[in-house]
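Please look over the sequence and the structure shown below before reading on. The report that follows goes from the loops to the strands, and then to the core and the confidence values.

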Amino acid sequence: MIGIKVKEPERKCNDVNCPWHGHLKVRGIAITGKVVSTAMQRTVVVEKERLHYLPKYERYEKRTSRYKAHLPECIDVKKNDIVTIMECRPISKTVHFVVVSKK
Ligand SMILES: [Zn+2]
């Protein structure tokens with residue numbers, strides 16, 4: 001139990017920074033987005049798209065936000081997977097989100 005209703009990972013892991021099996025607590029906001037990069041070790045880049053309205057042209061433009069998120073050992077993701085990430089304490093300089101489940 002980590003506070004939000006998402007699918008639990010099937011296997012266990014020994015990652016201390018895992019919200020399911022380690023000591024990491026999650027808090028703050030939950031975001032669903034697409035994995036755009038898995039090049040880092042145990043960290044992924046998640047991108048979320050939102051629509052911003054332009055009154056002058058009466059149209060929407062796409063804006064994206066990128067989040068770096070820690071990937072626990074019990075969750076496997078590939079590029080273009082849809083994941084839910086949750087805010088946590090800073091794990092490194094730029095990482096303060098953790099992947100909690102994969103769609
Ligand atoms: Zn785990």
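## The loop between S2 and S3

Glu 58 lies in the loop between S2 and S3, where strands are DSSP runs of E with at least two residues, helices are runs of H or I with at least four, and both are numbered from the N terminus. The model is a predicted one, in which local features need pLDDT of at least 70 and side-chain atom pairs count only at pLDDT 80 or more, while totals for chains, interfaces and linings use all residues. Residues are numbered from 1 along each chain as its sequence is written.

Although Glu 58 is not a glycine, its phi is positive, at about 50 degrees, and the hairpin of S2 and S3 to which this residue belongs has four residues between the strands. Glu 58 counts as exposed because it has 7 C-beta neighbours inside 10 Å; a residue is called exposed if 12 or fewer other C-beta atoms lie within 10 Å of its own, buried if there are 20 or more, and partly exposed in between, with C-beta atoms placed from the backbone. Lys 56 is found in the loop between S2 and S3 as well, and it is exposed because 5 other C-beta atoms lie within 10 Å.

## Overall layout

The chain has zero helices and five strands, so that its pattern along the sequence, by the DSSP runs defined above, reads β-β-β-β-β. Its C-alpha atoms fill a box of roughly 55 × 30 × 25 Å along the principal axes. Buried residues account for 22% of the 103 residues. Of the contacts between residues at least 6 apart in sequence, 56% join residues at least 24 apart, a contact being a pair of residues whose C-beta atoms, placed from the backbone, lie within 7 Å.

## How the strands pair

Strands are said to pair if DSSP finds at least two bridges between them. S2 and S3 run antiparallel and are joined by twelve bridges, with Glu 49 standing opposite Thr 64 in S3. S1 and S2 are antiparallel too, with three bridges between them, and their hairpin has five residues between the strands, where Arg 42 takes a positive phi near 55 degrees.

Strand S1, residues 26-37, is also joined to S4 by six bridges in the antiparallel sense, and Val 26 stands opposite Cys 88 in S4. S4 in turn pairs with S5, again antiparallel, over five bridges; Glu 87 stands opposite Phe 97 in S5, and the partner of Val 83 in S5 is Lys 102.

Lys 34 is part of strand S1 and stands opposite Glu 47 in S2. This lysine counts as partly exposed because it has 16 C-beta neighbours inside 10 Å. Beyond its neighbours within four places in sequence, Lys 34 is in contact with Val 46, Glu 47, Asn 80 and Ile 82.

Asn 80, one of these contacts, is 46 residues from Lys 34 in sequence, yet the two are 5.6 Å apart in space, C-alpha to C-alpha. Asn 80 is placed in the loop between S3 and S4, and its phi is near 75 degrees, a positive value in a residue other than glycine. Asn 80 counts as exposed because it has 8 C-beta neighbours inside 10 Å.

## The nonpolar core

The largest nonpolar core has 14 residues, of which Ala 69, Ile 85, Val 98 and Val 99 touch the most other members. The elements that give two or more residues to this core are S2 (43-54), S4 (82-88) and S5 (97-102). Such a core is a set of buried Ala, Val, Leu, Ile, Met, Phe, Trp, Tyr and Cys residues joined through C-beta atoms within 7 Å. In soluble globular proteins, nonpolar side chains tend to be buried together.

Leaving aside neighbours within four places in sequence, Ile 85 is in contact with Ile 31, Gly 33, Val 46, Tyr 67, Ala 69, Phe 97, Val 98, Val 99 and Val 100. S5 is largely enclosed by the rest of the structure because five of its six residues are buried.

## Confidence

The mean pLDDT of the chain is 94, and 100% of its residues reach 70 or more, pLDDT being the predictor's confidence in each residue, from 0 to 100. Confidence is lowest in S5, at a mean of 94, and highest in strand S3, residues 59-70, at 97.

Notes. Two residues are in contact if their C-beta atoms, placed from the backbone, lie within 7 Å.
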